[in-house]
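Please look at the sequence and the model first, and then I will begin with a pair of facing residues.

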Amino acid sequence: MKVVIVGNGKVGNSLAERLSSEGHDVVVIDNDPDNLKNSDTRMDIITVLGNGVSYTVQLEAGVPKADLLVAATPSDECNMLCCLVAHKLGAQHTIARVRNPEYAQQLVLMREDLGLTMAVNPELAASKEIARILAFPSATKIETFCKGRVELCEFTVPQGSPLHDLPLSSLYSKYRLKVLVCTVQRGDKVIIPQGDFTLQAGDHIGITASPAEIAAFFKAIDLTREKIRSVLVVGGSRIAYYLTRQLLDMGMDVTVVERDHKRCLELCEYFPKAIVIEGDGSDHELLMEEGLDKADAFVALTGNDEENILLSLFASASQVSKTITKVNRTALLKIAQQLPLDSVVSPKAVVTNQILQYARALDNSKGSNVETLYRMVGDRVEALEFFIAEGFDKHSVPLRDLPLGKDLLIACIIRKGKVIIPGGRDTIEIGDSVVVVTTKPFMKDIHDIFA
């Protein structure tokens, strides 16, 4: 599949790296020659220097024959115009990164005229992920499948946990809950566990189940935290705007610390029920004055990744039970995951996953498509939801008789709205949604699960 990416920033660069590694023909357009040269030497891609809105530049990049164009420049207006030009030139599908809340509301009316297939908003997507974590603070990360019927929840097994030294084969008999452990990270090793695997304190594990079963499981293992009622947010960015709106709707008390006077006035106007403090969020005395030690949760959303990491570490040291840290830079993201941080969120990673999901479904438009895709454990594990379409030739066969490949697990089957945590006798049927967790990269069809 031929993909043209306009804008070689954080999202564009990450996307180019992923798509090229999956074997797609990738062309990147950017007006910064040094930026392009750096990417050209690291990746198997074609680069074109110029303005991505330009008709002639898009022709040079081969947009008329492109299966997909992704516009990810810093400008929303530029991105939408890029997609319009690409649509007129004959690109089959177009995706624009649109971050401005005002534009996001208007896109419903403008999408068809712009020839826009899809719009992505990193800040909105990241804020939704943060809100999910704050709604269920016992987890470090929560992803949803099948319109919320199934959740994949990550957490670390604490010292003294009843899960310590527990074989997975005994999990159901002990708790009588339909929960499946689908990933385990132990040190640097990532494992897709089988029934004979034994959990240890310190393991970072991922479980799948319905939301009700997960809540009951956390209660059973005594890992339930008190409901979050007050949140202190440092940084008044677009993510803070979206997050504050969601948290107020959830009934939480929100305090936002922002150093820019004009932005403080805007946030006060948007959210009269929130407390907005004008000040330097890196000032520890200010944070304590504003009740950091009494807050139920702390969220670091400044534009500086290093500052976010340090602030979250300070909040943890101040006995805040739940901290969430925004980190965008790939190198720092890997470092942050090794630090004693509660939850780390990357807007770049969230939106890259959304576009990868769409690209894989587009590349396999006649098969059992990827409906949802998440990358986990430092991008070493993928969790994918497939819809089982007509033509799947292994339906009605018990899972124990299927020639499944290594390093994967069928985590869940959703049939007519019912969540099934599968055993060996269960089958996959036409019309099912199937959640697969695997360390095998680049899956795009349900048939890829077979040896």
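This is a predicted model: local features need pLDDT of at least 70, side-chain atom pairs count only at pLDDT 80 or more; totals for chains, interfaces and linings use all residues.

**Around strand E13**

Let me start with Thr-255, which stands opposite Ile-275 in strand E14. E13 and E14, the latter covering residues 275-278, run parallel and are joined by four bridges, where pairing requires that DSSP finds at least two bridges between the two strands. The chain passes from E13 through helix H10, residues 261-270, to E14, and this β-α-β crossover is right-handed, meaning that with the strands pointing away from the viewer the path from the first strand over the helix to the second runs clockwise. Helices (H or I, at least four residues) and strands (E, at least two) are DSSP runs, numbered from the N terminus.

Residues are numbered from 1 along each chain as its sequence is written, and side-chain values use heavy atoms, with hydrogens and water left out.

Turning to E12, residues 230-234, this strand pairs with E13 in the parallel sense over five bridges, and Val-231 has Val-254 as its bridge partner in E13. E12, helix H9 (residues 238-249) and E13 together make a right-handed β-α-β unit.

Is E13, then, mostly covered or mostly open? Strand E13, residues 253-258, is mostly covered, since five of its six residues are buried, where buried means under 20% relative accessible area, exposed over 50%, and partly exposed in between, with a 1.4 Å probe and protein chains only.

That brings me to the largest nonpolar core, which has 27 residues, and Val-231 and Val-233 are among those with the most contacts inside it. Such a core is a set of buried Ala, Val, Leu, Ile, Met, Phe, Trp, Tyr and Cys residues joined through side-chain atoms within 4.5 Å. The elements giving two or more residues to this core include E12, E13 and H10, and H9 gives the most, with six residues. Val-233 touches, among others, Ala-240, Val-254 and Val-299, a contact being heavy atoms within 4.5 Å.

Finally, the cysteines: the count of disulfides, pairs of cysteine sulfur atoms within 2.5 Å, comes to zero. Cys-264 is buried, with a relative accessible area of 5%, and because its sulfur is 6.5 Å from the closest cysteine sulfur, in Cys-268, the two are too far apart for a bond.

Note on methods:
Lists of a residue's contacts leave out its neighbours within four places in sequence.
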